[in-house]
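Have the viewer open and follow along.

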Amino acid sequence: MTNSTTAPQKKIHVIQGEHYISGEDEVMLSTVLGSCVAACLHDPKAKVGGMNHFLLAESDNHADADAVRYGAYAMEVLINGLLKKGADRKRLQAKVFGGARMFDGLSDVGGGNARFIRKFLADEGIPLLSESLGGTAARRVEFWPSSGRARLRFTGGSDVEERRAPPRPVKPADDGNVELF
Amino acid sequence: MPAASTISVLVVDDQLTMRSLIRNGLQQLGFTDIREASDGEEALRVLVQRPVRLVLSDYNMPKLDGLNLLRAIRSHPPTKGLAFIMLTGRADSELVQRAAQYGVNNYLVKPFTVAILRQKIEQVFGALT
């Protein structure tokens with residue numbers, strides 16, 4: 001499989017609690033998600049984008065308020081960083097990933113994260129171009145911030161697990177990669 | 001000891017989610033007269049119509065940011081004396097210093113709990129009843 005970009009690639013791993021913003025063509029952001037959620041935001045005109053990676057609290061009623069508070073903060077930091085790099089809030093588009101239910105029997109932290117990010121984007125009027133949320137498999141996400149292109153691969157382990165949690169919005173390619181344009 | 005219900009508040013933040021969170025927190029503390037604005041310009045329009053006793057404002061906002069909103073409020077006689085609490089991110093210590101020069105009453109680092117919100121307001125108004 002050939003890489004579609006000709007420039008030398010600068011790969012940056014975004015770990016939990018962090019975010020990264022860039023407008024450079026050669027930058028590719030990657031992360032691995034279980035229950036966590038990563039939001040990839042992109043301004044197609046300014047050609048700048050960014051990814052965060054956050055985990056919110058468990059989703060009983062009391063903790064939901066905490067979850068929203070920390071999630072809103074994580075999103076605000078990413079959005080403000082994009083605005084500083086020349087993005088316009090009205091042009092921002094989102095692709096979101098993660099929120100898997102990783103352990104049976106424990107509360108569905110991933111589900112709470114997924115509900116949060118969908119509601120946040122709807123409330124803030126940021127269009128959600130594509131999503132892959134929920135399921136039981138871990139995900140590896142790659143995001144090119146200048147173009148807004150994203151690629152998803154399920155890394156949850158066995159083929160059985162992958163079949164149990166297929167990506168919902170698009171069909172997987174033969175090699176397990178999914179292009180999210 | 002002021003009753004929270006006697007203190008009118010204007011919440012200024014460009015994120016609806018953040019405004020809702022702050023409104024919910026204020027309501028838990030007994031505040032009832034709560035208005036909202038999504039940026040500094042809108043905040044000034046609201047304040048010209050009817051000043052409030054407390055402004056809780058984000059810093060990073062389009063059009064008019066929190067610092068310039070604070071400057072405008074302090075230079076306008078009808079709003080000059082109202083309390084102003086700035087909401088900041090973790091890495092904004094320089095901003096806190098600049099806001100202090102312009103007469104900010106207190107600041108609140110995001111993300112914060114309702115207990116911290118109460119503490120910051122009480123540091124300005126005294127214990128709330």
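**A buried strand residue and its surroundings**

A:Ala38 has its place in strand E4 (residues 37–43) of chain A, where strands (E, at least two residues) and helices (H or I, at least four residues) are DSSP runs numbered from the N terminus. This is a predicted model, in which local features need pLDDT of at least 70, side-chain atom pairs count only at pLDDT 80 or more, and totals for chains, interfaces and linings use all residues. Residues are numbered from 1 along each chain as its sequence is written, while chains are lettered from A and ligands numbered from 1 in the order in which they are written.

Q: Is A:Ala38 buried or exposed?
A: A residue is buried if 20 or more other C-beta atoms lie within 10 Å of its own, exposed if 12 or fewer, and partly exposed in between, with C-beta atoms placed from the backbone. A:Ala38 has 26 other C-beta atoms within 10 Å, so A:Ala38 is buried.

Q: Which residues is A:Ala38 in contact with, leaving aside its neighbours within four places in sequence?
A: Two residues are in contact if their C-beta atoms, placed from the backbone, lie within 7 Å. With those sequence neighbours left aside, A:Ala38 is in contact with A:Thr31, A:Leu33, A:Met51, A:Asn52, A:His53, A:Phe97, A:Gly98 and A:Val141.

Q: Where is A:Asn52 found, and is A:Asn52 buried or exposed?
A: A:Asn52 is found in strand E5 (residues 48–52) of chain A. Beyond residues up to four places away in sequence, A:Asn52 touches A:His19, A:Ala38, A:Ala39, A:Ala74 and A:Leu78. Because A:Asn52 has 26 C-beta neighbours inside 10 Å, A:Asn52 counts as buried.

Q: How many residues apart in sequence are A:Asn52 and A:Tyr20, and what is their C-alpha to C-alpha distance?
A: Along the sequence, A:Asn52 and A:Tyr20 are 32 residues apart. In space, their C-alpha to C-alpha distance is 6.6 Å.

Q: What is the strand order in the open sheet of five strands in chain A?
A: Two strands pair if DSSP finds at least two bridges between them. The edge strands, E2 (19–22) and E7 (128–133) of chain A, each pair on one side only. The pairing is mixed, and the order is E2-E5-E4-E6-E7.

Q: What is the phi of A:Gly148 in the turn between E8(A) and E9(A)?
A: Strand E9 (residues 149–154) of chain A runs antiparallel to E8(A), joined by six bridges. E8(A) and E9(A) form a hairpin with four residues between them, and A:Gly148 in the turn has a positive phi of about 85°.

Q: Is A:Lys47 buried or partly exposed?
A: A:Lys47 lies in the loop between E4 and E5 of chain A. Phi of A:Lys47 is near 55°, a positive value in a residue other than glycine. Because A:Lys47 has 18 C-beta neighbours inside 10 Å, A:Lys47 counts as partly exposed.

**Turning to chain B**

Q: Which pattern does chain B follow, read along the sequence?
A: Chain B has five helices and five strands. Read along the sequence, they follow the pattern β-α-β-α-β-α-β-α-β-α.

Q: What is the omega of the peptide bond from B:Lys110 to B:Pro111?
A: B:Pro111 is found in the loop between strand E5 (106–109) and helix H5 (114–125) of chain B. The peptide bond from B:Lys110 to B:Pro111 is cis, with omega near -10°.

Q: How many residues of chain A are in contact with chain B?
A: On the chain B side, ten residues take part. Their partners in chain A number twelve.

Q: What is the mean pLDDT of chain B?
A: pLDDT is the predictor's confidence in each residue, from 0 to 100. In chain B, 98% of the residues reach 70 or more. The mean pLDDT of chain B is 92.
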